[in-house]
Amino acid sequence: MENSINFLHPIDMLKSSTDGKLYKKIENSWKEISNVLYKSEKKLPTPELGNKGDYYAKYYRKYNFFLYSEDFTQNAWNKVNCNLNKESTIMFPYNASTKLTATTEVSQHGLEYLFYNELRTPYTFSLYVRKNEIRHISLILSEQDDNYGYRMKANLINNTVSHEQFGETSDISNGSANIEEIDENVVRIWVTAQFKTTLILKASIKLLDEDENYEFSVPNETYGLFINGAQLVQSLKPESYILSNGKYATALMLEDLYCKNESWKKTSNKVIYLNNGLNNSYGDNGDIACLDAIITFKPLILAGSSDNINRWHRPVGTLHYNKNKDKWYVTTKRGDYSLEFLKPKPRYKEAAMAISLNQQIYQTYDRYGRPSLFKGFNTGGNYNFWIRNTGKTRL
């Protein structure tokens, strides 16, 4: 939903959910039902909400506190005697991985990332890894000078881990580590720790030799392994991976699903979004599903004011409003040209807005339940995420 309503959308494919139609898997087949699926991030269902057979999905918000989860060449990641090469043919968990290789000098080899600690909050640092010439790796959470912290070592030959606290301190609690096999080649490893008073922490990725030493050399600088999908979460365990690219990534995850009988009760069933039609191979009996709708806009639609659409990013044909001059303009190859005369007739502004925003009006809600009316395209789908919408929401 974070890119659902965007004056300057970066891509021409917009995804929306047709929550107006709800399906339930009955006898191994998806059947349309007349009930309603309600959603909320902040609130639990109230007794008066909904009718018998309706569903209520309670979501929670998760984050990835690494600014760059797959681009380790960025300055946020400090390189320590290592080299990085993107490997387009080796993809996991979803995208092309990076080969992290050691230099030939006797030293430690890896990557470091500094971040501010929210005191008394546990952190879990996870990474997807595939072995190559190097088959041992370590993840570490420590204070910024490495005087103390918690570290794990992963043996990628037999997919085992060891972990321990290092340094003299009583500041660390909830230390743990583990490994998960994703497929026959890829694993996800993680380390967890909580620091009570340390203000700046460091997350480190360090290559190890066959004897699990931190300091070693290699015959040449092609020796390494493949990494991808780094994630830092405020939790005692890893969460579902979300990609970050220049900002802290956030996403909503289903916390609990409720079904109303005489009252709202939790159910162990899932909410599934199907993007290939009603495929009966997905889901279990009792699960509910919505269909994803793919909407393609060609050419790219831009709508808004000259304040929120940079002049260098406006393609030819873009309509925009300049509030300082109180005029609407169209962008051409030779510059911006006004759609109005020096003394425009009444309602010219409204006419220009109707043209540029296609005369659409929709209602939307923020996460706190406050409604707003907007002109333009509602790319949030037939129903707004936060509440069932009774306004004009269809595209």
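Are W77 and Y113 buried or exposed? Both residues are buried, where buried denotes a relative accessible area under 20%, exposed over 50% and partly exposed anything in between, for a 1.4 Å probe and protein chains only. The model is predicted, so that local features require pLDDT of at least 70 and side-chain atom pairs pLDDT 80 or more, whereas totals for chains, interfaces and linings use all residues. Residues are numbered from 1 along each chain as its sequence is written, and side-chain values use heavy atoms, with hydrogens and water left out.

Of the 395 residues of the chain, 45% count as buried. The accessible surface amounts to about 21500 Å², 48% of which belongs to carbon and sulfur atoms, as computed by the Shrake-Rupley method with a 1.4 Å probe, only the protein chains shown counting as cover for residues. Among contacts (heavy atoms within 4.5 Å) between residues at least 6 apart in sequence, 62% join residues at least 24 apart.

An open sheet is formed by six strands in the order β5-β8-β15-β10-β11-β12, with antiparallel pairing; two strands pair if DSSP finds at least two bridges between them. Strands β5 (78-80) and β12 (160-166) stand at the edges with a single partner strand each, so one side of each is left without a neighbour in the sheet. Within this sheet, β11 (residues 149-155) pairs with β12 in the antiparallel sense over seven bridges, and Y150 stands opposite Q165 in β12. Strand β22 (residues 327-332) pairs with β23 (residues 335-338), also in the antiparallel sense, over four bridges. V330 stands opposite Y337 in β23, and five of the six residues of β22 are buried.

The largest nonpolar core comprises 43 residues, of which L127, I137, L141, I189 and I205 touch the most other members. Such a core is a set of buried Ala, Val, Leu, Ile, Met, Phe, Trp, Tyr and Cys residues joined through side-chain atoms within 4.5 Å. Strand β14 (residues 186-195) supplies the largest share of this core, five residues. Beyond its neighbours within four places in sequence, L127 is in contact with residues including F72, I137, I189 and I205. A second, separate core of 10 residues includes L22, Y59, L257 and C290.

Across the whole structure, 12 aromatic pairs are found. Rings of Phe, Tyr and Trp (its six-membered ring) pair if their centres lie within 6.5 Å; planes under 30 degrees apart count as stacked, over 60 as edge-to-face and the rest as tilted. F66 and F125 form an edge-to-face pair, 5.4 Å centre to centre with 80 degrees between the planes. F66 lies in the loop between β4 (55-64) and β5 and F125 in strand β9 (residues 122-130), so this pair ties together parts 59 residues apart in sequence. F66 is buried with a relative accessible area of 0%, and F125 is likewise buried at 0%. The ring centres of W77 and Y113 are 5.0 Å apart and the planes stand at 65 degrees, so this pair is edge-to-face. Ring pairs link F66, F72, W77, Y113 and F125 into a cluster.

In the loop between β17 (249-260) and β18 (264-267) lies E262, which is exposed with a relative accessible area of 71%. E262 and P47 are 215 residues apart in sequence and 9.3 Å apart in space, C-alpha to C-alpha.

Methods:
Helix = DSSP H or I, 4+ residues; strand = E, 2+ residues; numbered from the N terminus.
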